[in-house]
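Work through the exercises below with the sequence and the model open. Each task is followed by a solution in steps.

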Amino acid sequence: MSTVVAERTQRVLHLARTHLGMDVAWLSQFTRGEQVILAADGDIAGIGLEINCGTSYSDSYCARVLAGDLPSVIPQARHDPRTRDLPITDQLSIGAYVGVPVTRPDGSAKGMLCCVSRSAQPRLDDRDARFLQLLAGLLDESEDGALDAAAAAEEQARDRSRTRMLRALAARAVEPVFQPVVRLADMQVVGAEALSRFDLALGPNPAQVFSDAGQLGLGPDLELVALDRALEHLPELPEGMRLGVNASPEALLDPRVLARLLAEPGHRLVVEVTEHAPVVDYPALLRSLDELRAGGAYVAVDDAGAGFSSLRHILQLRPDSIKLDIDITRGIAADPVRQALARSLVGFAASLGAELLAEGVETVEDLHALEELGVDLVQGFLLGRPGPLAQAVSTKESRR
């Protein structure tokens, strides 16, 4: 946003807020299902919003105003039956609201000019909406106005991110590391899980890198490279052990990923189905998993106990192995509620004929608690940190 445009935007927002007697005025942009606050005047932190941070578009008053479900002026939001029970009303402490669209030349909305007060403002009426619409028109006049400039900057940033990601893919810049999986009955290493590490230039952590790749439309491409780099080490794995590899439902529907997995001895693989987004086609996913099972591979699912969706995921996929969510594992020795949930999942896994693996084990106390509960397998820093495969599968006298 140019300095001139930024100054004019700030003046417009200040005029809107003070004229209407509201606590906050902001200019937002709609992008990929979010409403991003580009500029604001007043106590924006007091209502829980931040500049350049996105909030859900579908949950907002703005979306409802544009859809015709709400008027542009809501003088008493906590008493109006159309808004009093909306979660966003409590979330932002909205007492009164006025919002109008900022439009493109074709008349479509590219954002909103909004004013919010934490207290009710009974005097507000349609004249205030018309005044705000006049101010919104001032933001429309400049060809390189705030919203267009922000959209261009966002597109440039996206192009830079895509270029970095494509270069990483071309260089196969994924470093595989491996964490041991230990059988609790005799504390023997029975396998390892392959994890991925990236240069910090791609993102602060692996989860963010994979998420960014998905946003750029390169999710399966990155997963394929990560999978290929991990499977290069499969010949180093001792006989009788399995290598766990992660794959999202989207990647498992990609013929390239499925072919790469089927090219390896299935009896040596555990394919862990990660769930970063809702599964849109369970029948197709099940067909892919059936092919892998026919080749001898085990199927595992992650985050058991993390919520209803994860249990539905398990019921649909009928896995051979279930991973207990780290939020249940951590601190389980001192928490009867966690123990009760884990105990129920032990029985649930047994009823499916599946192994139960507890990840994130970091203390001896938690390890003993999981053993008493009847968990089959464990994984975590206590048993071994991610590192070279030879280190992960080395035998030790005691891991307790």
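**Exercise 1.** Does Trp26 count as buried or exposed, and at what relative accessibility?

*Solution.* The model is predicted, so local features need pLDDT of at least 70 and side-chain atom pairs count only at pLDDT 80 or more, while totals for chains, interfaces and linings use all residues. Residues are numbered from 1 along each chain as its sequence is written, and side-chain values use heavy atoms, with hydrogens and water left out.

Step 1. Apply the cut-offs: buried is under 20% relative accessible area, exposed is over 50%, and partly exposed is in between (1.4 Å probe, protein chains only).
Step 2. Trp26 has 4% relative accessibility and therefore counts as buried.
Step 3. Strands (E, at least two residues) and helices (H or I, at least four) are DSSP runs numbered from the N terminus.
Step 4. List the neighbours. Contact means heavy atoms within 4.5 Å. Leaving out residues up to four places away in sequence, Trp26 touches several residues, among them Leu13, Gln35, Ile37, Met112 and Val116.

**Exercise 2.** Which residues lie nearest the centre of the largest cavity?

*Solution.* Step 1. A cavity is a set of points on a 1 Å grid over the protein atoms alone where a 1.4 Å probe fits but cannot get out; lining residues have an atom within 4 Å of a point. Grid points are joined across faces, edges and corners, and a volume is the space filled by probe spheres set on the points.
Step 1. Searching the whole structure gives two cavities of 30 Å³ or more. The largest holds about 130 Å³.
Step 2. Its lining has 15 residues, and Trp26, Gln35, Ser60, Ile88 and Leu92 are nearest the centre. Two or more lining residues come from each of strand 2 (34-42), strand 3 (54-56), helix 2 (61-67) and helix 3 (87-91).

**Exercise 3.** How many residues apart in sequence are the parts tied together by Arg118 and Asp43?

*Solution.* Step 1. Arg118 and Asp43 form a salt bridge with closest N and O atoms 3.5 Å apart.
Step 1. Arg118 is in the loop between strand 6 (109-117) and helix 4 (126-141), and Asp43 is in the loop between strand 2 and strand 3, so the parts are 75 residues apart.
Step 2. Arg118 counts as partly exposed at 32% relative accessibility, and Asp43 counts as partly exposed at 37%.

Definitions and conventions
On a 1 Å grid over the protein atoms alone, a cavity is a set of points where a 1.4 Å probe fits but cannot get out, and a pocket is an open set with protein on both sides within 12 Å along at least five of seven lines; lining residues have an atom within 4 Å of a point. A salt bridge is a side-chain nitrogen of Lys or Arg within 4 Å of a carboxyl oxygen of Asp or Glu.
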